[in-house]
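Here is a short report on one protein chain. Look over the sequence and the structure first, then read on.

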Amino acid sequence: MPIRLKKLIGTFLLVALVIVYALVASIVAVAQLAESGPWAHFLFFLLSGMLWVLPAMGIIKWLILEPPRPKS
């Protein structure tokens, strides 16, 4: 796969991940934390704010992998 195409796909994947993750985290927060106190809100958004990094790291790791070189 050409590196430019790989970077384009990776960029779209990262943007889609952030958008979908933010929507899901917000829906969960509204549904589950409506009656909770400020500490529960703080902890939820702290953890959910850091959790998206794990799948993003996987995408970035895929982006920086060198394609295998053909043996001559």
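In what order do the elements of the protein chain run from the N terminus on? They run α-α-α. The model is a predicted one. Its secondary structure comes to three helices and zero strands. The protein chain has a radius of gyration of 18 Å, well over the 11 Å that the globule rule gives for 72 residues, so the chain is more spread out than a compact globule. Along the principal axes, the C-alpha atoms fill a box of roughly 65 × 15 × 10 Å.

**Surface and contacts**

Of the 72 residues in the protein chain, 15% are buried. The accessible surface comes to about 6100 Å². Carbon and sulfur atoms hold 76% of that surface. Residues 24 or more positions apart account for 71% of them.

**Helix 1**

Helix 1 covers residues 3-32. It has 30 residues and reaches 42 Å from its first C-alpha to its last. That is close to the 44 Å expected at 1.5 Å a residue.

Which residues of helix 1 are buried? They are Lys-6, Gly-10, Leu-14, Leu-17, Ala-25 and Ala-29. What do these buried residues pack against? Their partners are helix 2 (38-51) and helix 3 (53-64).

| Residue | Relative accessible area | Class |
|---|---|---|
| Ile-9 | 31% | partly exposed |
| Ile-19 | 48% | partly exposed |

Why does Ile-9 count as partly exposed? Buried means under 20% relative accessible area and exposed means over 50%. The value for Ile-9 is 31%, so this residue falls in between. The 48% of Ile-19 also lies in between, so Ile-19 is partly exposed by that rule.

Which residues does Ile-9 contact, leaving aside its neighbours within four places in sequence? They are Met-1 and Trp-62. Ile-9 and Ile-59 are 50 residues apart along the chain. Their C-alpha atoms are separated by 9.7 Å.

Ile-19 belongs to a nonpolar patch on the surface. Val-15, Val-20, Leu-23, Val-24, Ile-27 and Val-28 form the patch with it. Together these residues and Ile-19 have about 620 Å² of accessible area.

Methods
Residues are numbered from 1 along each chain as its sequence is written. This is a predicted model: local features need pLDDT of at least 70, side-chain atom pairs count only at pLDDT 80 or more; totals for chains, interfaces and linings use all residues. Side-chain values use heavy atoms; hydrogens and water are left out. Helices (H or I, at least four residues) and strands (E, at least two) are DSSP runs, numbered from the N terminus. The radius of gyration is taken over C-alpha atoms; the globule rule is 2.2 Å times the number of residues to the power 0.38. Buried means under 20% relative accessible area, exposed over 50%, partly exposed in between (1.4 Å probe, protein chains only). Contact means heavy atoms within 4.5 Å. Accessible areas come from the Shrake-Rupley method with a 1.4 Å probe; for residues, only the protein chains shown count as cover. Patches are made of residues with over 30% relative accessible area and no salt bridge: like charges are joined within 9 Å, nonpolar side chains (Val, Leu, Ile, Met, Phe, Trp, Tyr) within 5 Å. A salt bridge is a side-chain nitrogen of Lys or Arg within 4 Å of a carboxyl oxygen of Asp or Glu. The expected span of a helix is 1.5 Å times one less than its number of residues.
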